[in-house]
Amino acid sequence: MPQKQKYLLVDGMAILFRAYFATSFTGKIRRTSQGVPVNGVHGFVRYFLDAIQTYKPTHVICCWDMGSKTFRSEQYTEYKGNRPPAPEDLIPQFDLVKEVVSSFDVPNIGIEGYEADDCIGTLAKTLGQDHEVIIVTGDHDMLQLIDESVYVAIMKKGIGNYQLYTIASLLEEKQLTPAQIIDVKGLMGDTADNYPGVKGIGEKTAHKLIQEFGSIDQLLESLDKVSATISRKIEADLDMLHLSRKLATIHCETPLEPLVEEQCVWCFDKQNVYDKFEELEFGGLAKLVEGVTLAEV
C-alpha cells in the first residue's frame with residue numbers, strides 16, 4: 001500500500017490579488033530599482049510560504065486563471081462582466097509570480113478556456129482518491145469540492161489566518177453539504193461573478209429553501225409547498241435558475257496533462273529561490289526560505 005501523501009493546491013490568482021490589494025491601498029507600490037512593480041508577488045510569497053508551513057504538505061501545485069474568456073462566458077456573455085480590468089501595476093506581476101513559483105520547483109497549472117477553480121477541482125477529485133488534499137483559497141465557491149479527504153482552507157484577514165473546512169465543519173457552520181453550496185448559488189446568484197440566480201431570492205431565502213428541500217431538483221418538484229410569492233419568482237426565472245446552477249458548478253474533468261508525482265514534491269534548490277529573490281530585490285524574504293521545512297517522501 002503506497003504511503004498517503006498530502007497535496008496542497010494553491011489558488012494562485014486569489015492569493016496574488018489579495019496580496020496586491022492588501023498593500024496597494026496606501027498608494028505606495030513596492031517596486032524594484034528598475035521601477036518594476038512587485039508588491040503583489042512579494043505578498044504572494046509570504047502567503048504561499050505561510051500556507052506551506054501551516055499545513056506541511058508533501059506535494060504542492062499552484063493553479064491559475066488563463067485569461068478572462070472561459071466556457072462560462074460562452075454560456076452566459078455577462079459572466080464576470082462587471083469586473084474592472086486588472087490594475088496596471090498588477091499586470092506585469094502575473095508572469096513574475098509564476099517565475100517565482102517555478103523557482104520553488106512548484107508546477108504552475110492552467111488551461112485556456114477554464115478557470116483555476118476547474119483545474120483545482122479536477123486535481124482534487126483525482127488526487128483525493130488516494131491522498132489528503134488541502135485547497136488554499138479565499139473563494140467560498142471552493143467549498144463544493146470538500147470530500148472525505150479534500151479540505152478547503154479559506155484565507156481570512158491577515159497572513160496565517162485560515163478557516164479549515166471539512167464535511168463535518170461545513171455542515172456544523174452552514175448546515176449545508178458540499179453539493180448544496182452549488183444549489184444555494186444557483187438560487188441566489190453571485191454578484192461577484194455577475195450571474196443573477198432567481199430574481200428576488202437572496203442568500204437567506206436560498207439557504208432556507210435548500211435546507212428544507214435538499215436540492216433545487218427537489219424544490220422544483222415541491223413548488224406547491226412553498227409560498228405563492230416564492231413559487232412565482234422561481235417559475236418566472238426557471239431558465240436562469242438552471243443556468244446559474246451550471247455557472248456555479250466547478251468543472252472537475254478539465255483536460256489536464258497528467259502530472260508525475262515527482263514534479264509536485266515540495267523540495268527545491270534554495271539557491272534558485274535566492275537568485276530569483278535577488279533579481280526582484282526581495283532580500284528580506286530570504287529568512288522565510290531558510291526556515292522552510294522540505295518534504296520527506
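The side chain of Gln144 comes within reach of the backbone oxygen of Asp141, at 3.1 Å. This residue belongs to a predicted model, in which the mean pLDDT of the protein is 92 and 99% of residues reach 70 or more. The points below take up Gln144, the six-stranded sheet, helix H12, the aromatic residues and Ile111.

- Gln144 sits in the loop that runs between strand E4 (132-137) and strand E5 (150-155).
- Gln144 counts as buried because its relative accessibility is 12%, under the 20% cut-off.
- Besides Asp141, whose backbone oxygen is 3.1 Å away, the side chain has a polar atom 2.9 Å from the backbone oxygen of Ala248.
- Ala248 is also one of the contacts of Gln144 when neighbours within four places in sequence are left aside; the others are Pro178, Ile181, Ile182, Thr249 and Ile250.

**The sheet as a whole**

- Six strands make an open sheet with mixed pairing, in the order E3-E2-E1-E4-E5-E6.
- E3 and strand E6 (162-165) are the edge strands: each has a single partner strand, so one side of each has no neighbour in the sheet.

- Strand E2 covers residues 59-63, and five of its five residues are buried.
- The cover extends to both faces of E2, with His59, Ile61 and Cys63 buried on one side and Val60 and Cys62 buried on the other.
- In a regular strand, side chains alternate between the two faces of the sheet.
- E2 runs parallel to strand E1 (residues 6-11), and five bridges join the two. Within this pairing, Leu9 has Ile61 of E2 as its bridge partner.
- E2 also runs parallel to strand E3 (residues 108-109), to which two bridges join it. Cys63 stands opposite Ile109 of E3.

**Strand E4 and its partners**

- E4 is mostly covered, with five of its six residues buried.
- E1 and E4 run parallel and are joined by five bridges; Tyr7 is paired with Val133 in E4.
- E4 and E5 likewise run parallel, with five bridges between them; Ile134 has Tyr151 in E5 as its bridge partner.
- Among the elements of the protein, E4 has the highest mean pLDDT, 98, while helix H3 (residues 71-75) has the lowest, 86.

**Helix H12**

- The buried residues of helix H12 (residues 270-280) include Val273, Lys276, Phe277 and Leu280. These residues span an arc of only 100° around the axis, which means that they lie on the same side of H12.
- An α-helix has 3.6 residues a turn, so residues three or four places apart point the same way.
- Helix H2 (39-55), helix H4 (93-103) and helix H13 (286-290) are among the elements that cover the buried residues of H12.
- At the start of H12, a side-chain oxygen of Asp269 comes to within 2.9 Å of the backbone nitrogen of Gln271.
- After H12 comes Glu281, which has a positive phi, near 60°.

**Aromatic residues**

- The count of aromatic pairs is 14.
- One aromatic cluster is formed by Phe44, Phe48, Trp64, Phe104, Trp266, Phe268, Phe277 and Phe282.
- Phe277, a member of that cluster, is also one of the buried residues of H12.

**Ile111**

- Ile111 is found in the loop between E3 and helix H5 (116-127).
- Ile111 is buried because its relative accessible area is 15%, again under 20%.
- Residues up to four places away in sequence not counted, Ile111 touches Met66, Cys119, Thr254, Pro255 and Leu256.
- From C-alpha to C-alpha, Ile111 and Val265 are 21 Å apart in space, and 154 residues separate them in sequence.

Methods
Residues numbered from 1 in each chain as written. Predicted model: local features only at pLDDT ≥ 70, side-chain atom pairs only at ≥ 80, totals over all residues. Heavy atoms only, no water. Helix = DSSP H or I, 4+ residues; strand = E, 2+ residues; numbered from the N terminus. Buried < 20%, exposed > 50% of the residue type's maximum accessible area, 1.4 Å probe, protein only. Polar contact = N/O pair within 3.5 Å; in protein donor to acceptor, adjacent residues only side chain to side chain. Contact = heavy atoms within 4.5 Å. Pairing = 2+ DSSP bridges. pLDDT = per-residue confidence, 0-100. Phe/Tyr/Trp six-rings, centres within 6.5 Å; stacked < 30°, edge-to-face > 60°. Arc of directions from axis to C-beta.
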